[in-house]
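Open the model in your viewer and keep the selection panel at hand. This tour goes stop by stop, saying what to pick and what is there.

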2 protein chains.
Amino acid sequence: MNWWKVAGGILGGGVILAIGLLIGHFGISKDTKPQWVKELYTDLDEEFIKEFMKEVDNKRIEENLRALSEKPHVATSQADEDLVQLILSRWRDPQIGLDEVKEERYDVFLSFPDSKNPNNVAVVRSDGSTSFTSQYMESPLTDDQKHPDILQPFLAYAPNGTVTIEKKGSNPELALLVNLAKTIDLNGTIAIVRYGGIGRVNKAINAEKFGVIGVIIYTDPKNINDGKSDPHDSYPNSWYLPPSGVERGSFKENFGDQLTPYYPAKDFTYRIPESQIKGISNIPAQPIGYEDAKQLICNLSGSEAPWQGSLGCTYNTGPGFVQTSLFSNSDVQINVYNKRTIKSSANVMGFIRGAVEPDRYIMYGNHRDSWVHGAIDPSSGTAVMLEITRVLGRKLKEGKWRPRRSIIFGSWGAEEFGLIGSTEFAEEYYSKLRDRTAAYINVDIAVFANASLRAQGTPPAQSVIFAASKQVKIPGDSSLTVYENWKNHFNRDSPHYGLIPQMHFNEGSVYGSVIHYTGSTSNTLEVKFTNVFTKCDYKKTSARIYPAYHTAFDTFDYASKYIDPGFTSHQTVARTAGNVLLRLSDSIILPLGARDYVELLENYYNEAEKQFLVNLNLHKISLEPLKTAINRYKTASETLEETIQNLKETDETPLRIRMVNDQLMLLERAFTNSMAFPNRLYFSHVLWATRSSSFATFPGLADAYQQATETDTTEDWHMVHHQLTIAIQAVESAASTLELATKL
Amino acid sequence: MNWWKVAGGILGGGVILAIGLLIGHFGISKDTKPQWVKELYTDLDEEFIKEFMKEVDNKRIEENLRALSEKPHVATSQADEDLVQLILSRWRDPQIGLDEVKEERYDVFLSFPDSKNPNNVAVVRSDGSTSFTSQYMESPLTDDQKHPDILQPFLAYAPNGTVTIEKKGSNPELALLVNLAKTIDLNGTIAIVRYGGIGRVNKAINAEKFGVIGVIIYTDPKNINDGKSDPHDSYPNSWYLPPSGVERGSFKENFGDQLTPYYPAKDFTYRIPESQIKGISNIPAQPIGYEDAKQLICNLSGSEAPWQGSLGCTYNTGPGFVQTSLFSNSDVQINVYNKRTIKSSANVMGFIRGAVEPDRYIMYGNHRDSWVHGAIDPSSGTAVMLEITRVLGRKLKEGKWRPRRSIIFGSWGAEEFGLIGSTEFAEEYYSKLRDRTAAYINVDIAVFANASLRAQGTPPAQSVIFAASKQVKIPGDSSLTVYENWKNHFNRDSPHYGLIPQMHFNEGSVYGSVIHYTGSTSNTLEVKFTNVFTKCDYKKTSARIYPAYHTAFDTFDYASKYIDPGFTSHQTVARTAGNVLLRLSDSIILPLGARDYVELLENYYNEAEKQFLVNLNLHKISLEPLKTAINRYKTASETLEETIQNLKETDETPLRIRMVNDQLMLLERAFTNSMAFPNRLYFSHVLWATRSSSFATFPGLADAYQQATETDTTEDWHMVHHQLTIAIQAVESAASTLELATKL
């Protein structure tokens with residue numbers, strides 16, 4: 001054997017070996033990576049979102065709504081319990097169900113009218129005979145209003161009693177309470193007030209302070225019917241409220257079960273005595289329709305009221321009826337026979353386990369209970385939710401999808417009585433949810449008026465709703481996105497972004513308040529879809545809400561005829577809300593914009609400077625540290641934004657990504673302070689607590705300033721400084737949360 | 001060429017190729033795994049711990065202590081500021097320093113004696129001449145006591161004033177306050193009380209209730225010197241307190257800066273008026289040595305006191321001096337001239353960035369300020385901390401080590417005035433620390449008496465201190481571990497583990513209180529090393545603390561001669577504490593035992609059942625739900641323990657491991673409730689808040705029950721039910737936190 005052959009053989013063998021080495025090393029997948037490495041980096045699947053949106057079916061939403069609004073289903077009624085079963089069975093369906101489904105019950109304090117003693121407002125002559133009694137029920141304009149389970153008009157928790165207005169001389173009195181004008185002596189009167197503006201119960205609580213002994217509340221056609229009060233102009237001929245329609249509602253300030261504040265209403269829970277309940281009124285109150293209200297108001301004496309409605313007469317302030325009227329020399333009576341009771345109310349909870357971050361929760365919820373049939377409120381939202389869970393549930397069961405984070409769906413009970421179901425849930429699972437919940441999405445009234453999306457939430461949620469709404473087309477126009485349409489209807493000029501759709505940051509914040517203030521369990525955002533897309537051009541309506549709200553006319557017939565024929569607006573909402581949900585649950589980086597708080601903080605600062613500076617200087621209180629804190633927040637949020645940009649371009653460890661996500665998740669909580677509002681049940685968010693003063697700045701500071709300027713006591717100026725400290729510390733804390741975790 | 005040669009060549013080439021493929025595939029590291037995959041799974045390195053412990057140097061600790069205790073360094077003094085610089089320079093050293101070092105300043109409310117008007121206790125004859133004045137300073141037994149910066153004995157925040165006891169008839173009065181015996185009429189008297197038992201200020205607050213107008217406080221040799229009061233038996237001849245020694249101290253109930261509760265004492269912070277400070281006494285008070293106390297006490301008239309000390313005479317209760325004494329017909333005066341002032345106090349913070357989980361913090365701290373030289377309190381602890389940071393800092397700078405989690409070291413200011421530095425820190429960084437801090441380790445007085453380790457913390461910390469102490473040998477005996485020695489000296493019979501060392505769960509909880517109650521920033525544990533290993537056999541001492549505590553005799557000379565000659569006990573503490581630190585910072589799974597709460601919860605339940613059941617039944621309050629909650633906790637903690645066992649055996653995703661770590665980290669917080677103790681500053685932990693009643697159960701429940709049985713009002717029985725609800729909800733929440741995150 002020649003040496004060269006040997007050499008060649010070795011060489012050849014070497015070459016082959018080398019080729020083998022190369023192929024073996026680079027060519028064959030070794031897959032030494034654990035399986036989870038791939039999963040960890042699976043980002044939001046845009047194709048999946050498209051598929052989801054495509055499969056959302058308007059006909060199925062219609063069928064959902066028909067089933068959900070078939071009967072009146074006030075909280076804890078048999079019909080409500082039937083819907084619990086309906087939702088349980090949907091979510092437990094082997095083909096389209098969720099991973100885990102649970103019914104959670106609480107024994108909660110409710111209030112109902114007595115069917116045997118209908119509440120009413122009456123006018124009684126001096127001989128004891130009755131010249132007027134308000135209607136016990138709405139007029140049966142369709143079969144729906146004939147349902148035997150319809151709850152008579154009432155205000156939940158309004159105190160019982162019969163109040164008859166006191167006579168002054170021989171004149172009975174009935175005062176029209178307009179903005180609680182201090183020029184009228186209201187002492188010993190019964191007031192008739194209209195819905196709108198401040199909350200229902202606050203009208204009575206304020207009226208009490210003026211000596212009012214009872215409150216009648218009605219809906220003026222001017223506020224709800226664009227002025228139309230003729231029966232032919234209203235339902236069933238249009239979407240407007242018929243003359244007999246009465247808005248029911250909860251008559252208390254605070255949310256949650258009133259006997260068990262801060263604790264779930266379970267068997268072991270201590271219940272405070274009813275006498276210790278705060279935020280309810282002490283005087284009887286009853287709502288009536290505008291048909292009945294007209295008879296009372298159009299007969300009032302007194303001078304012309306500063307506010308005039310659409311009942312077709314001049315509104316006088318009272319007190320008392322004009323002598324020429326049918327009611328002269330008569331008394332007005334409010335007769336209230338509500339029954340307070342503790343009943344078992346259910347939440348239905350549905351869980352989808354997250355594949356990668358099971359201990360991060362995206363929540364999505366709506367209430368289930370209504371006042372009557374509740375087709376729009378709340379069933380339109382539930383019809384949407386059930387369609388979303390159907391599409392996602394099927395994907396899940398087919399093994400085609402599992403979210404990165406866990407999703408918790410909630411069908412809340414007893415919301416109409418004051419957000420009870422969701423509050424009890426937050427109280428029970430406070431510890432578990434507190435540090436794990438990244439976002440809560442609420443879709444209650446999904447569709448009602450104005451041909452545009454409306455959303456509300458905290459500023460960081462703006463980016464995700466914008467992103468989603470850019471991917472959805474409006475009904476009936478394939479060229480216009482929800483985003484563009486929204487921007488056309490409601491927009492604002494942002495110093496940072498230019499012209500953008502107007503997202504509402506601080507109006508009522510219905511479920512936000514629960515989850516937010518109960519300790520910021522869901523700390524990051526609330527996306528709330530309210531009035532969206534109707535076929536008709538309701539753009540020009542001035543109705544403060546859809547006219548059949550909380551009346552016996554909020555039915556499937558009403559919804560399908562006037563609110564959303566064809567259910568394509570519902571479909572659009574489902575697509576948008578589902579898109580938001582998927583972005584939140586599946587994106588590697590939570591799609592939340594921490595920087596979007598800067599505008600609000602700067603606005604708050606500017607208002608404080610403009611309104612307070614002179615007086616603060618006088619009291620040697622400096623606003624400078626607040627400015628410094630806001631600048632720190634701005635820098636921190638911009639740096640975090642850069643970090644996130646860079647993260648996407650590099651191969652970062654999953655725990656580093658989690659670190660950034662946690663900064664986003666924990667941001668909202670940094671703004672909370674459980675000691676900021678010691679006299680306010682639940683409120684702890686330093687930016688979003690409600691305020692009573694008119695200054696659009698940090699609510700604690702605004703109210704303290706208002707009081708200090710009124711009393712000018714040292715203590716109250718101290719309180720201003722104290723509240724300013726709270727505001728500064730909150731902003732500093734939020735900035736610190738966004739700064740590098742490895743830096744103090 | 002023969003076919004077989006070709007075949008052989010192909011075959012040979014194929015074999016070689018195959019070999020190449022195999023080697024290429026399996027033999028050469030492809031490293032397609034991201035680098036972090038390896039890092040993520042790097043667990044605690046036991047070899048590194050051994051190396052660390054080996055390098056801990058007793059001589060360096062000795063030199064640390066010499067430098068730290070060279071001068072008296074009360075908070076904010078020049079000497080204190082010098083130590084700030086010393087620690088900054090150590091931690092910033094390029095060879096042995098940390099990643100980031102920062103000085104954090106707060107303007108805090110302090111109280112100092114007036115050097116020009118020394119506080120004193122005097123006896124004044126009726127002609128105005130003085131027959132006795134307490135010593136202004138301790139006797140100069142070594143050069144140390146001659147230092148010009150020694151602070152005169154005083155009680156910080158004790159109110160100023162000169163109180164002279166009122167005469168009743170012609171008898172001056174001086175009452176010996178023993179357990180506040182109600183049989184003596186204390187009204188209008190000055191009381192002399194001894195240290196020990198309840199906190200200093202509580203003696204005055206309680207005395208006030210009986211009409212006492214001033215308090216003199218002294219250290220009885222019986223409590224501190226094993227009865228020895230002869231000067232020859234005490235320092236500098238032994239470790240016992242000399243007759244002139246006076247224990248200084250803070251005279252307030254609450255911790256933190258008193259003018260800025262809940263907020264950091266910064267320039268922007270609102271300060272409450274001094275008049276609103278809670279938890280301080282209204283009557284002057286002054287501490288004296290037992291030499292001075294003897295003159296007062298041994299001349300007292302009245303009947304024999306129920307408690308007798310070691311001053312060599314019969315202790316009478318007073319009031320007044322015996323007629324035959326030098327002090328007959330004399331007045332006792334307390335003259336206090338303390339000055340309250342706001343001064344800038346620094347914390348020194350040192351940061352080591354975690355390699356894998358930078359946003360999880362393990363904290364380690366001690367205070368820096370002393371009353372006088374403070375060799376033992378606090379410098380022994382700081383000497384240990386600086387040696388730990390030296391060894392770890394070197395490893396860090398050499399690139400040989402970086403912890404998995406971040407480590408935050410803190411040298412706190414103004415602790416002696418009531419945990420001020422650490423409280424302000426926790427208040428400033430509340431949001432940042434709240435959800436990221438897994439543990440806090442405090443080593444203050446590192447060594448003082450009893451030849452054993454003592455540790456205190458919350459139950460989950462037991463496992464890590466046990467693990468560490470099993471790896472350290474006691475000084476001078478290479479066969480005995482700290483753990484075994486500890487078990488020999490202090491042990492208990494655990495139903496779960498059998499005989500184990502006694503860890504203290506709830507005594508004082510010094511720094512725990514800060515971090516714990518300020519909102520459970522460090523929510524999991526507090527490991528506190530207190531008195532450990534001395535060369536002498538102090539096992540039999542009954543001293544409640546080392547005798548030179550808070551006096552001018554707590555010096556380097558004292559420490560090196562009597563407490564730890566050779567500094568090997570310090571070394572042992574440094575090894576143990578450092579071992580604990582490394583286990584917490586480097587273990588993949590946090591070494592915390594959630595199940596170790598079960599014994600405590602069951603003990604609490606059993607006590608409640610035994611003591612309260614009959615009366616609770618009478619008031620229709622059931623304990624059953626508490627039992628149910630505790631059983632749920634037990635099951636949840638045992639299931640989690642199994643999960644952790646299984647985790648170690650499988651290839652789990654890093655986020656799943658994080659999920660389990662978070663459950664352990666968040667556990668302590670689930671037991672907190674910011675509304676549980678509305679009248680108690682800072683307290684929020686439902687298990688660890690202090691209680692005033694003697695029932696060893698949930699403190700809120702125990703105190704409410706005590707009150708209800710005393711008053712028997714409906715409101716107070718309601719409060720019992722309310723507090724029981726709080727306890728149940730806390731245990732339910734803790735259980736929920738430990739249960740699967742994907743299950744509600």
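Colour the aromatic side chains across all chains: the structure holds 70 aromatic pairs. A pair here means rings of Phe, Tyr or Trp (its six-membered ring) with centres within 6.5 Å; planes under 30 degrees apart are stacked, over 60 edge-to-face, and the rest tilted.

Select Tyr157(B) and Phe417(B). They form an edge-to-face pair, 6.2 Å centre to centre, with 80 degrees between the planes. Tyr157(B) lies in the loop between β4 (155-156) and β5 of chain B, and Phe417(B) in the loop between β14 (405-412) and α10 (420-428) of chain B, so the pair ties together parts that are 260 residues apart in sequence. Helices (H or I, at least four residues) and strands (E, at least two) are DSSP runs, numbered from the N terminus.

Buried means under 20% relative accessible area, exposed over 50%, and partly exposed in between (1.4 Å probe, protein chains only).

Next, pick Tyr705(B) and Trp717(B). This aromatic pair is edge-to-face: 5.8 Å centre to centre, 85 degrees between the planes. Tyr705(B) sits in helix α20 (residues 699-711) of chain B and Trp717(B) in helix α21 (residues 714-738) of chain B, so the pair ties together parts that are 12 residues apart in sequence. Both Tyr705(B) and Trp717(B) are buried.

A word on the source: this is a predicted model, where local features need pLDDT of at least 70, side-chain atom pairs count only at pLDDT 80 or more, and totals for chains, interfaces and linings use all residues. Residues are numbered from 1 along each chain as its sequence is written, chains are lettered from A and ligands numbered from 1 in the order in which they are written, and side-chain values use heavy atoms, with hydrogens and water left out.

Stay with rings, but move to chain A. Select Phe109(A), Phe112(A), Phe154(A), Tyr157(A), Trp371(A) and Phe417(A): ring pairs link them into a cluster.

Now look for charges over rings (NZ of Lys or CZ of Arg within 6 Å of the ring centre and within 35 degrees of the ring normal). Arg194(B) lies over the face of Trp307(B), 3.5 Å from the ring centre. The charged end of Arg680(B) sits over the ring of Phe683(B), 4.7 Å from its centre.

Switch to cartoon for the sheets. In chain B, four strands make an open antiparallel sheet in the order β3-β2-β11-β5. Two strands pair if DSSP finds at least two bridges between them. Which strands are at the edges? They are β3 (130-133) and β5 (161-164) of chain B, each pairing on one side only. Zoom in on β2 (residues 120-125) and β11 (residues 330-336) of chain B: they pair antiparallel over six bridges. Arg125(B) stands opposite Ser330(B) in β11(B).

In chain A, select β19 (residues 491-494) and β20 (residues 498-501). They pair in the antiparallel sense over four bridges. A hairpin of three residues joins β19(A) to β20(A). Arg492(A) stands opposite Ile500(A) in β20(A).

Last stop: helix α21 (residues 714-738) of chain A. Its 25 residues reach 36 Å from first C-alpha to last, close to the 36 Å expected at 1.5 Å a residue. The expected span is 1.5 Å times one less than the number of residues. α21(A) is mostly covered, with 20 of its 25 residues buried.
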